[in-house]
Amino acid sequence: MLYLLDENIAKCCADPTSVYTAQRSIEVPGLGPEASDFDIFHFVRLGGFVLVTKDGDDFEAIMFDQRDIIPMVVFPGDTRASQQRDLLLRATPVIAAELAASPGRQFSFNADFNLLSYELAL
């Protein structure tokens, strides 16, 4: 499982680990800061990535429009940079296990930073 980190995710989350790809705004050819959400959606779908973003509503709208689901992790807008990395590292084993059972799962964190998992009904 590899994450694609949207440009609104802290750069510290792209520090090398076995589960992260580069942050798209600085290291993924063809998906720089000018890439549209639609292009990101297709890149994630075709590449088998898990999108990590703060713009979950934007990508959910694309999923509904395209009638296709990509796995996604959504951080609350006020999540600090250091929290993002810690939350991803802590949640990755659970995310991987749930995606193995159901590849279209969606993930978010509640106000107490507990991981929530759900299915989108298209």
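At what angle do helix α2 and α3 pack, and how far apart are their axes? The angle is about 70 degrees and the axes are 10 Å apart.

The views below show a predicted model, in which local features need pLDDT of at least 70 and side-chain atom pairs count only at pLDDT 80 or more, while totals for chains, interfaces and linings use all residues. Residues are numbered from 1 along each chain as its sequence is written, and side-chain values use heavy atoms, with hydrogens and water left out.

**View 1. The whole chain, with four helices and six strands.** Helices (H or I, at least four residues) and strands (E, at least two) are DSSP runs, numbered from the N terminus. The order of elements from the N terminus is β-β-α-α-β-α-β-α-β-β. Of the 122 residues, 45% are buried (under 20% relative accessible area, with a 1.4 Å probe and protein chains only). Mean pLDDT, the predictor's confidence in each residue from 0 to 100, is 85 for the chain, and 85% of the residues reach 70 or more. Residues 21-26 have pLDDT below 50, yet this stretch has 32 contacts in the model beyond near neighbours in sequence; a contact means heavy atoms within 4.5 Å. Where pLDDT is low, predicted coordinates should not be read in detail.

**View 2. The packing of α2 (residues 37-47) with α3.** Axes are lines fitted to C-alpha atoms, for helices over the stretch in contact, and angles run from 0 to 180 degrees between N-to-C directions. The two helices are therefore roughly perpendicular to each other (65 to 115 degrees). D37, F38, I40, F41 and H42 in α2 meet D58, F59, I62, M63 and Q66 in α3. By class, this contact has six nonpolar, two polar and two charged residues. Ala, Val, Leu, Ile, Met, Phe, Trp, Tyr, Cys and Pro count as nonpolar, Asp, Glu, Lys and Arg as charged, and the others, Gly among them, as polar.

**View 3. M63 in helix α3 (residues 56-66).** M63 counts as buried because its relative accessibility is 0%. Leaving aside residues up to four places away in sequence, M63 touches F41, D68, I69, I70, M72, Q106, L120 and L122. F41 is 22 residues from M63 in sequence, with a C-alpha to C-alpha separation of 8.3 Å.

View 4. Within α2, the buried residues include I40, F41, H42 and V44.

How values were computed
Buried < 20%, exposed > 50% of the residue type's maximum accessible area, 1.4 Å probe, protein only. Parallel < 35°, antiparallel > 145°, perpendicular 65-115°, else oblique.
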